[in-house]
Amino acid sequence: MEKATAGTLQVQIYPAGQFGNDAVTMEGLRLGTLEMAVAHDGAIAVVYKPIGVLGIPFLYDSHEHAWRVYDSPWLKEFSDDLIKKTGIRLLGFADNGVRHFTNSKRVVRTPDDMKGLKMRVMPSPVFQTLVNALGASPSAIPWAELPTALQQKVVDGQENGVTNILAASLYQYQKYITLDGHVWSVHGYVINEPFYQGLTAAERKAVEEGTQKAMAIHRKMTSDQDKNAKEILGKLGMEVTTLSPAEVDQFRKLAQPPVKAWAEKEIGKPYVDSLFKAIEATRR
């Protein structure tokens, strides 16, 4: 961005939560004390509940299908509503990893195998509803406490993407992983709307083109890990179970309806219908 604007835009980066936690970051974006951020869906939910529709499980057929949805006209509708409700613009989505189930007890190939397992989830009704629907017992535990909870057997398992499993070394305490891909987690590239509107046309172009380049790299980095999950995690000693489309569908039939019903009630049916319309329109 700096190079493209000959320095009229200066970029200061605050990595690893230096600016503050999710609530502080999103409030900074609303107030304009922070102009831009890359925020995961859980952080955006602090100020914009409708992003919770992306937590409905088993939405997409592949990475490419998810990206077709995120790059479709649906994104503009979603961003326009975000601007209206919060004063924050969504420039685009990158990949935060496909979420899978891990546990220390047994191989999970069917929903029946989930029964009786104590599973850590984020403090979110979406994930609690999802795990309940599959017959396991959800337990909300903060991310920072998860490794200890797994080590001490407070819970049997958890659900996360490959990136997070590696980052927190969760494979040390989890023998089994099922690559069910229940939720496609995202990172949103978001910017304060008054700041965005105050940019010149050239500056705005630099921001948008820079964001597109960053998202392309971001998506590839994360999806490469997801697509090679069996090899990466297998080498670390995990027993990796891959599922056929028919086996995934068993999980979908149990988990998607109750979470979708929750979202329609708590977030709003128009948001759910809009997303499912985009999913169908981009399906190949």
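In the predicted model, Lys 85 has a relative accessibility of 46% and counts as partly exposed, a class lying between buried (under 20% relative accessible area) and exposed (over 50%), judged with a 1.4 Å probe and protein chains only. Its partner in a salt bridge is Asp 81, with the closest N and O atoms 2.7 Å apart; a salt bridge is defined as a side-chain nitrogen of Lys or Arg within 4 Å of a carboxyl oxygen of Asp or Glu. Asp 81 is buried, its relative accessible area being 16%. The residues Asp 81 and Lys 85 are four residues apart in helix H4 (residues 73–86), and are therefore separated by about one helical turn. Helices are DSSP runs (H or I, at least four residues), numbered from the N terminus.

This is a predicted model, in which local features need pLDDT of at least 70 and side-chain atom pairs count only at pLDDT 80 or more, while totals for chains, interfaces and linings use all residues. Residues are numbered from 1 along each chain as its sequence is written, and side-chain values use heavy atoms, with hydrogens and water left out.

A search of the whole structure returned 17 salt bridges. One of them joins the side chains of Arg 283 and Asp 61, at 2.8 Å from N to O. Arg 283 is in the segment after helix H11 (245–281), whereas Asp 61 is in the loop between helix H2 (41–44) and helix H3 (63–70), so this pair ties together parts that are 222 residues apart in sequence. Arg 283 is partly exposed at 32% relative accessible area, and Asp 61 is likewise partly exposed at 47%. Asp 61, Glu 280 and Arg 283 belong to one network, joined by salt bridges that share partners.

A further salt bridge links the side chains of Glu 64 and Lys 227, at 2.8 Å from N to O. Because Glu 64 lies in helix H3 and Lys 227 in helix H9 (residues 201–227), the pair ties together parts that are 163 residues apart in sequence. Glu 64 is partly exposed, with a relative accessible area of 35%; for Lys 227, also partly exposed, the value is 47%.

Met 1 is located in the segment before helix H1 (22–31) and is partly exposed at 33% relative accessibility.

How values were computed: Helices (H or I, at least four residues) and strands (E, at least two) are DSSP runs, numbered from the N terminus.
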